[in-house]
Amino acid sequence: MSLYSCLWGLIFCLKGVAVMPISERAVMGKTMMVLTLTVRVLHDAVSFIAFSFLDILDLVLCFAFKAVDLIVEAEWKPCYCTSAKEAITSSGKILVSEQGESKIVCLTSTKLRLEEISDTLYARTSLVSEISKSTVNELKRIKVEGKSSTVTVQPSEKMKKGTMRSTFTVSSTIVEMLQGKIGGQHSHPISRWSDCDCKFCTSWTTSSKETLFVRAEGPKEKGKADVLFIHGFISSSAFWTETLFPNFSNAAKSTYRLFAIDLLGFGRSPKPADSLYTLRDHLDMIERSVLEPYEVKSFHIVAHSLGCILALALAVKHPDSVKSLTLLAPPYYKVPKGVLATQHVMRQVAPRRVWPLITFGASIACWYEHISRAICLVICKNHRLWLFLTKLVTRNR
């Protein structure tokens with residue numbers, strides 16, 4: 001049946017409902033309500049079954065990748081699904097994250113430095129364990145609270161009497177990363193067996209001390225004003241340079257200095273293995289790559305999606321320098337009181353539902369580290385084959 005016929009059928013159906021008696025209309029309303037509820041229950045049931053299977057598959061892939069890593073590379077890299085445990089180093093106990101507020105400890109030669117990091121990086125529970133955990137918490141709330149794994153942080157100065165000590169949970173993955181077991185232990189990191197060996201793909205081995213790729217247009221000397229363009233997630237500076245930049249007039253290009261950057265880990269910018277890609281990391285790289293070398297004292301910001309978060313952070317850090325903010329599609333989610341913001345937003349973006357398909361894809365990318373790695377292994381490692389086939393099909397367009 002064609003779409004045209006379906007539309008006409010829907011119109012006649014609506015006309016029929018309009019002339020129905022009130023009693024028949026009430027019956028139809030109840031029928032539609034029951035059908036809607038039935039479809040919702042079926043969708044929830046299918047989603048639960050599908051993502052329970054994915055939980056098991058991700059667990060199997062976790063052990064499979066560790067086994068292959070051990071065979072090929074003689075060691076496996078810790079993954080973010082590793083359960084939290086207490087970690088002891090030569091300097092004592094390490095604070096990694098505070099209950100209700102995600103933080104990470106970076107070791108320096110003299111002190112511990114706190115940096116914010118989203119707990120969604122290492123606190124992504126499976127659907128089955130989440131349901132069982134909530135059930136146990138309801139039945140044994142008091143006992144579970146008493147048995148929660150904590151680590152006491154000893155501050156550098158002696159604590160005064162009567163001062164309450166803070167307790168924190170520990171992520172072994174982050175601790176091992178800080179100890180140099182991920183990326184930092186090699187002076188010249190080598191690509192892994194699952195990585196593509198081309199120059200573009202192995203750029204992740206470069207150090208975060210390098211600068212970002214910057215596309216600058218406008219007068220060589222300082223112009224009337226500077227404009228910084230920040231792209232969003234799964235994008236690059238080409239988002240601006242191939243759309244906006246060609247449409248700017250010559251007068252605008254001769255008056256304003258335009259800067260479009262590839263953010264850390266995107267496009268032609270470094271993709272360091274020793275970076276956690278925190279908000280601080282992104283801001284530091286923008287300052288090091290644009291504000292300092294080009295002597296940008298005051299500027300306008302145009303940002304999209306993820307870039308909006310960085311734009312706001314720059315405005316907070318440099319309130320006297322930012323002249324204006326233009327935010328396109330900024331990510332905003334209203335968070336209820338008493339709810340951890342990062343986890344709430346994670347469930348809004350990736351609610352683990354099979355429909356619509358974009359939600360299903362986002363859920364796999366956000367919740368399943370090893371399934372995502374397997375997909376990247378098939379697609380990214382063979383990207384040159386896909387590029388050849390695409391050019392062949394499109395006749396090199």
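# Briefing: aromatic pairs, nonpolar patch and contacts

Phe-65 is buried, at a relative accessible area of 7%. The terms run as follows: buried is under 20% relative accessible area, exposed is over 50%, and partly exposed lies in between (1.4 Å probe, protein chains only). This is a predicted model: local features need pLDDT of at least 70, side-chain atom pairs count only at pLDDT 80 or more, and totals for chains, interfaces and linings use all residues. Residues are numbered from 1 along each chain as its sequence is written, and side-chain values use heavy atoms, with hydrogens and water left out.

**Overall picture**

- The protein chain has 13 helices and 12 strands. These are DSSP runs numbered from the N terminus: helices are H or I with at least four residues, strands are E with at least two.
- Of the 397 residues in the protein chain, 30% are buried.
- The accessible surface of the protein chain is about 25600 Å². Carbon and sulfur atoms hold 63% of that surface. Areas come from the Shrake-Rupley method with a 1.4 Å probe; for residues, only the protein chains shown count as cover.
- Among contacts in the protein chain with a separation of 6 or more, 68% join residues 24 or more positions apart. Contact means heavy atoms within 4.5 Å.

**Aromatic rings**

- Rings of Phe, Tyr and Trp (its six-membered ring) pair if their centres lie within 6.5 Å; planes under 30 degrees apart are stacked, over 60 edge-to-face, and the rest tilted. By this rule there are 10 aromatic pairs.
- One of them is Phe-65 with Trp-193, a tilted pair at 6.2 Å centre to centre and 35 degrees between the planes.
- Phe-65 sits in helix 2 (residues 22-73) and Trp-193 in the loop between helix 5 (172-178) and strand 8 (214-217), so the pair ties together parts 128 residues apart in sequence.
- Trp-193 is partly exposed, at 24% relative accessible area.
- Ring pairs also link Phe-229, Phe-239, Trp-240, Phe-245 and Phe-248 into a cluster.

**Charges over rings**

- A charge sits over a ring if NZ of Lys or CZ of Arg is within 6 Å of the ring centre and within 35 degrees of the ring normal.
- Arg-373 lies over the face of Phe-65, 4.3 Å from the ring centre.
- Arg-268 lies over the face of Phe-213, 3.9 Å from the ring centre.

**Nonpolar surface patch**

- Ile-375, Val-378, Ile-379, Leu-385, Trp-386, Phe-388, Leu-389, Leu-392 and Val-393 make a nonpolar surface patch of about 860 Å².
- Helix 12 (369-379) and helix 13 (383-393) are the elements that give two or more residues to the nonpolar patch. Helix 13 gives the largest share, six residues.
- Ile-379 belongs to helix 12. Ile-379 is partly exposed, at 45% relative accessibility.
- Patch residues have over 30% relative accessible area and no salt bridge; like charges are joined within 9 Å, nonpolar side chains (Val, Leu, Ile, Met, Phe, Trp, Tyr) within 5 Å. A salt bridge is a side-chain nitrogen of Lys or Arg within 4 Å of a carboxyl oxygen of Asp or Glu.

- Val-322 is in strand 12 (residues 322-328). Val-322 is buried, at 15% relative accessibility.
- Leaving out residues up to four places away in sequence, Val-322 touches Phe-299, Ile-301, Leu-314 and Ala-315.
- Thr-359 is in helix 11 (residues 357-367). Thr-359 is buried, with a relative accessible area of 15%.
- Thr-359 touches Pro-351 and Arg-353, again leaving out residues up to four places away in sequence.
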